[in-house]
Amino acid sequence: MYYGDYLQLDTILNSQHPVSFSAPHTPAHDEMLFIVIHQAYELWFKQVLFELDYVMEVFTKDRISDNSEDLNLVRHRLSRVIKILELLNQQVNILDTMTPLDFLAFRNLLTPSSGFQSKQFRLIEARLGLEMNKRHQHDYYKRVNEGGFNAEDYNAINSTEKQESLLQQVNNWLERMPFFEERFWLAYKPVTGTEATGHSFWEDYRRVYQQSLTERERSKIQDFEYVFFEKAAEAYSPEQLGMLRSSFSSKALRAALFIMLYRDFPVFQTSYQILDSLIEIDHALSNWRHKHFIMVRRMIGMRVGTGNTTGSGYLEGALSKHYIYRDLAGLSTYLIERRNLPALPAELIKHLSFTVF
Ligand code: HEM
């Protein structure tokens, strides 16, 4: 084995061909950086997709054993994805060493191509669970005319979007969690009844949560009822409800909140870290969108993008809208102080703990 052969450096290092370097154009020094940066992004996107493939393979199982290595590896590989995204965010700083005038020296040669057409970026978004109808101006994005995708990429993205996403898989996994089954709660001593929620734990939780709200936060109890029990207050418009809960089911969010609240129990630790990683991935992507948007505004001002969108206007819209795990991040609204958490029944604690030998 020889280093250069193993890594196929002949192919990789001979794949930078700045258009401005060939006649009749004038060589633009910064085009080399522009190409290398984009290629480096695409290589890391490849690794992100590879890690997501593994994670999603685990979640296709109908049952994931807490005693197997599966969940731990999912946690580990999602944290790797976060580290890669953090690195990608820093790479924007290198591109920022190119001035707008340097960029203008070759920009027009790139039309109508754009990072907008990055198939791998779209696959990452689709696998994570960014839904079509939640995109900013999706007619911009899903097209094959000038500045859009070629037919092959378009079909590949379409077919991934039709498959179950990681978000849907995690939703199903959360829904399957058995902690609220009656057998665990037989010895639980409820303080309140079960009228509003159908379960003595949630009834007690709802009461403590309501008491924790300040005068100005009073209406949050209605949000709580919609998010966790699908009871929509009449005054809320579909848009308002969509901001409260849009991708996860109430049942799944009850399980997610329960994990966040009781995350110190051994059985919940890994599950908690997985949920936290998904929120973190959303943050890292959002940071990227922000850095990219700021860089683009500096680079091309208010000119349209080479990919034929409004340019920075489009990117700003995508930044504010493209949160995938908003429902999970929003759960912080419904936390109560640790010391006020209802004490769990012994039968459930037994199942949430490591076995004592
Ligand atoms: C001089 C540097 C850059 C400029 C001026 C620029 C400009 C733009 C513009 C204007 C758009 C909107 C689509 C369009 O009309 O073209 C866009 C989208 C995009 N660019 Fe860049 N870009 C730059 C660098 C990069 C780099 C290094 C990447 C890394 C892969 C990248 C990836 C993307 C992606 C993925 C989108 C789609 C974003 C979305 O739909 O949310 N861009 N870019």
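## A walk through an all-helix model

Let's start at one spot, Leu71: leaving aside neighbours within four places in sequence, Leu71 is in contact with Ile64, Asp66, Thr270, Ser271 and Ile274. Here, two residues are in contact if their C-beta atoms, placed from the backbone, lie within 7 Å. Leu71 sits in helix 4, and helices (H or I, at least four residues) and strands (E, at least two) are DSSP runs, numbered from the N terminus. Is Leu71 buried or exposed? Leu71 is buried, because 20 other C-beta atoms lie within 10 Å. The rule is that a residue is buried if 20 or more other C-beta atoms lie within 10 Å of its own, exposed if 12 or fewer, and partly exposed in between, with C-beta atoms placed from the backbone. Now look across to Asp327: 256 residues separate Leu71 and Asp327 along the chain, and their C-alpha atoms are 21 Å apart.

Two things to know before going on. What you are looking at is a predicted model, where local features need pLDDT of at least 70 and side-chain atom pairs count only at pLDDT 80 or more, while totals for chains, interfaces and linings use all residues. Residues are numbered from 1 along each chain as its sequence is written.

Now step back to the whole chain. The chain has 18 helices and zero strands. Its C-alpha atoms fill a box of roughly 85 × 55 × 35 Å, taken along the principal axes. Of the 357 residues in the chain, 23% are buried. Among contacts with a separation of 6 or more, 71% link residues 24 or more positions apart.

Next, the inside. A nonpolar core is a set of buried Ala, Val, Leu, Ile, Met, Phe, Trp, Tyr and Cys residues joined through C-beta atoms within 7 Å. The largest one here has 44 residues, and Leu128, Leu253, Ala256, Leu278 and Ile281 have the most contacts inside it. Helix 3 (31-59), helix 4 (70-95), helix 6 (119-128), helix 9 (166-176), helix 12 (220-229), helix 14 (250-261) and helix 15 (266-300) each give two or more residues to this core. Which helix gives the most? That's helix 14, with eight residues. As for Leu128, setting aside residues up to four places away in sequence, Leu128 touches Ser165, Leu166, Leu167, Ile281 and Ile324.

Helix 3 has 29 residues and reaches 42 Å from its first C-alpha to its last, close to the 42 Å expected at 1.5 Å a residue; the expected span is 1.5 Å times one less than the number of residues. Its buried residues are Glu31, Phe34, Val48, Leu52 and Val55. They pack against helix 4, helix 5 (100-107), helix 6 and helix 9.

In helix 12, the buried residues are Asp223, Phe224, Val227 and Phe228. They lie on the same side of helix 12, because they cover an arc of only 105 degrees around the axis, the arc being that of the directions from the helix axis to the C-beta atoms. Helix 11 (200-212), helix 13 (238-244) and helix 14 are among what covers them.

Then there's the ligand. Of the 23 residues around the ligand, Ser114, Gly115, Gly305, Gly307 and Thr309 come nearest; a residue is near a molecule or strand if its C-beta atom, placed from the backbone, lies within 6 Å of it. Helix 3, helix 15 and helix 16 (312-321) each supply at least two residues of this shell, and helix 15 has the largest share, four residues. The shell has twelve nonpolar, eleven polar and no charged residues. In this count, Ala, Val, Leu, Ile, Met, Phe, Trp, Tyr, Cys and Pro are nonpolar, Asp, Glu, Lys and Arg are charged, and the others, Gly among them, are polar.

Most residues other than glycine have a negative phi, and most peptide bonds are trans. Gln8, in the loop between helix 1 (3-6) and helix 2, has a positive phi of about 50 degrees although it is not a glycine. Gln8 counts as exposed, because it has 9 C-beta neighbours inside 10 Å. Glu230 follows helix 12 and has a positive phi near 60 degrees; Glu230 is exposed too, with 12 other C-beta atoms within 10 Å. A cis peptide bond joins Ala23 and Pro24, with omega about 10 degrees, and Pro24 lies in the loop between helix 2 (9-13) and helix 3. Another cis bond joins Thr111 and Pro112, with omega about 0 degrees; Pro112 is in the loop between helix 5 and helix 6.
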